[in-house]
Amino acid sequence: MKKRYYVAVSSGEILEDQGASSYNFEIDADEADVFKLSELFDITDTDSRLSLYRAHVPAMSYHEDKNNDDYDDHMKQIYQLIHDLGTKRTRDHIESMGILQ
């Protein structure tokens, strides 16, 4: 059964209470959807930490680093899933961002 959730992308939060924290997007999701989105947030958190560690090695530029490519790919997956589950307003906003092309 789907219910409304509020998603904060920058912090990786998926909230049931609209007033609990600031959020970016509203989605209608079931437990499996929330679990999948949560897993993607966990993966991007790991990607982010690996990229931060690698940032101290000056020999490799951003576009040549697989960790950065992985992070970008996982963020696109997050936005695609939020788009797929999102309210019309959420879908319209993500489409206006141009990140899913």
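How many nonpolar, polar and charged residues are in the lining of the largest pocket? By class, the lining has 4 nonpolar, 5 polar and 1 charged residues. Here Ala, Val, Leu, Ile, Met, Phe, Trp, Tyr, Cys and Pro count as nonpolar; Asp, Glu, Lys and Arg count as charged; the others, Gly among them, count as polar.

## The model

This is a predicted model: local features need pLDDT of at least 70, side-chain atom pairs count only at pLDDT 80 or more, and totals for chains, interfaces and linings use all residues. Residues are numbered from 1 along each chain as its sequence is written, and side-chain values use heavy atoms, with hydrogens and water left out.

## Overall layout

The protein has 3 helices and 3 strands. Both kinds of element are DSSP runs, numbered from the N terminus: helices (H or I) have at least four residues, strands (E) at least two. From the N terminus, the order is β-β-β-α-α-α.

## The sheet

The 3 strands form an open sheet in the order E2-E1-E3, with antiparallel pairing. Two strands pair if DSSP finds at least two bridges between them. Strand E2 (13-15) and strand E3 (25-29) are the edges, and each pairs on one side only. The twist averages 35 degrees from one strand to the next. For such angles, axes are lines fitted to C-alpha atoms (for helices, over the stretch in contact), and values run from 0 to 180 degrees between N-to-C directions.

Strand E1 (residues 3-8) pairs with E3 over 5 bridges, in the antiparallel sense. Tyrosine 5 stands opposite isoleucine 27 in E3.

## The core

Of the 101 residues in the protein, 32% are buried. Buried means under 20% relative accessible area, exposed over 50%, and partly exposed in between (1.4 Å probe, protein chains only).

The largest nonpolar core has 17 residues. Such a core is a set of buried Ala, Val, Leu, Ile, Met, Phe, Trp, Tyr and Cys residues joined through side-chain atoms within 4.5 Å. Val7, Val9, Phe25, Ile27, Leu37, Ile78 and Ile82 touch the most other members. E1, E3, H1 and H2 each give two or more residues to this core. H2 gives the largest share, 6 residues.

## The pocket

The largest pocket has a volume of about 170 Å³. A pocket is an open set of points on a 1 Å grid over the protein atoms alone, where a 1.4 Å probe fits, with protein on both sides within 12 Å along at least five of seven lines; lining residues have an atom within 4 Å of a point. Grid points are joined across faces, edges and corners, and the volume is the space filled by probe spheres set on the points.

The pocket is lined by 10 residues. Val9, Ser10, Gly12, Thr44 and Asp45 lie nearest its centre. Helix H1 (31-54) and helix H2 (66-85) each give two or more residues to the lining. H1 gives the largest share, 4 residues.
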